[in-house]
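Dear colleague,

I am passing on the structure we spoke about, together with some notes on what was found in it. Please look through it below before reading on.

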Amino acid sequence: MAIGQQVTIEVVSDTRHESMVMFSYGGMDMAQGLGWNLYTGIPDTQQFQFSWFIGVIIGALLASISVSLLPKMFFYCVAIVLQLIDAIICVSAPYNYDAMVAARYIGGIGIGLITVAFIIHNSEVAPKNERGKWCAVEQSGLGLGIAVQVIMDSMWNPALPIGNNQVHGIIGIGFAIVAIAILILSVESPIFHLRRNNDMKANTCQWQLLDKKADTEDCKVAFAENNRYVAEGISETLFHEITVAMVPYFKMFLCRCLVAFSFSLPLTHTIISSTTSWKGTMYSWPIIVWRLLRWIGTLIALLVMDKLGRKILSMLGLICMAGLMLGMAGIYSDPLSVLNSVEMGKVCQISMAYQIFAGMFVSGTPAYLGEAFPLRIKPFLIATIVIMEQLIHIIVIVTFGKSGNFFQYYLGVGIVMVICFLILTVMLPETRNMTLREAGHRFRRLHDLFAH
């Protein structure tokens, strides 16, 4: 096989499955802070709501300064331990407010640690023709966890002898046990070892990441590409890296921060109130469908992203989200619409449709984050964007958590989404089937109109 010939490399590490279950419990904690804390017996204070997001911020900060120094296995292990502590607290002290808030901080720190580490690790070990699918596991896992928490909380029977938080914790312990079992299959990125001039370990990891059918030439091609990526990354000056990262950072700031509007406290209040008005009770199918559609959207994206292309899928999801959000703003512009069950039925249906497109949009952001930035400053830039995403959640909780002014929220966010769609359509690149090095160069362009 010639060195220049295209090679299809299949990664056999199971980090994606391990991360799926860890992100799933994170999704459950996230949902609790965004209104799905209905029957836990714990006051739904603002501190309870945003404590998990503050934990994620702390975890992302810690990961940004240590992820280049420590093996990714360390972060997976620490995240599992923190998740386990979070879950055990939920089981042992389900009605203690202070204990539950502490558990949410701890769980959030674990998710913050693993988010930064996972995006970097999976973008490095995934083959170029499957990077989107592998990285989308982050959002798919969160979507699954959110679905589990929403369905459990919305259908919960308060007369049951076991507490809602106890079941929440038991599920978390189950996720942690599965993650521990899968952890032994995780393989370190060859790039991590190449940056330490340890070619032997890097080559060993490269072999472990290849499909069983791969031969020596396959390994040489993949190893040589990783070597070029590292050599290019360490040869650039810090000033040059910061300079060339400005355009990619602007693109990813817009793209990733919109993820915070895909699932928020106003959306929770909307689906509960509209379902209750339309169906006469919240114990009805729309809430279940509403949450499952988000997860289904991520699965659709996961299956077609590397074939259809990340940009076209993301932009389709974003413009549909914008249109549906403005549609809800139009209904809420009439204050009396909340008293009209027909109008609330329309809001409920729009909310369900919104979630499937939200799932499609958010799934492309992890791969883009892993591709966008220069090697040495990548952890810091990814962490700052993840932090901004959490800050938006906190701002929405504080600003719109109790106001119930859905018209202003949906109108404002809908307009922001339309503006971001126009900007990203011009600026966001299509990186399907590109190596990590090629994708990074593509991101540095100011504009990129091509969808393929």
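In this predicted model, the contact between helices α12 and α18 brings Pro266, Leu267, His269, Thr270 and Ser273 of α12 up against Phe406, Tyr409 and Tyr410 of α18. Helix α12 spans residues 265–279 and helix α18 spans residues 406–427, and the two pack with their axes 11 Å apart at an angle of about 125 degrees. The two helices are therefore oblique to each other, and their crossing is left-handed.

A second pair to look at is α16, which covers residues 365–372, and α19, which covers residues 436–443; their axes lie 8 Å apart and meet at an angle of about 90 degrees. That angle makes α16 roughly perpendicular to α19. On the α16 side the contact is formed by Tyr368, Gly370, Glu371 and Ala372, while α19 contributes Leu436, Ala439, Gly440 and Phe443. Of the residues in this contact between α16 and α19, 5 are nonpolar, 2 are polar and 1 is charged.

Histidine 393 sits in helix α17, which runs over residues 378–400. Is histidine 393 buried or exposed? With a relative accessible area of 3%, histidine 393 is buried, because buried means under 20%. Once its neighbours within four places in sequence are set aside, histidine 393 is in contact with Met30, Leu34, Phe53, Ala260 and Phe263.

With kind regards

Definitions and conventions: Residues numbered from 1 in each chain as written. Predicted model: local features only at pLDDT ≥ 70, side-chain atom pairs only at ≥ 80, totals over all residues. Heavy atoms only, no water. Axes fitted to C-alpha atoms, helices over the stretch in contact; angles between N-to-C directions. Helix = DSSP H or I, 4+ residues; strand = E, 2+ residues; numbered from the N terminus. Parallel < 35°, antiparallel > 145°, perpendicular 65-115°, else oblique. Contact = heavy atoms within 4.5 Å. Nonpolar A, V, L, I, M, F, W, Y, C, P; charged D, E, K, R; others polar. Buried < 20%, exposed > 50% of the residue type's maximum accessible area, 1.4 Å probe, protein only. Left-handed = near helix turned anticlockwise from the far one by under 90°.
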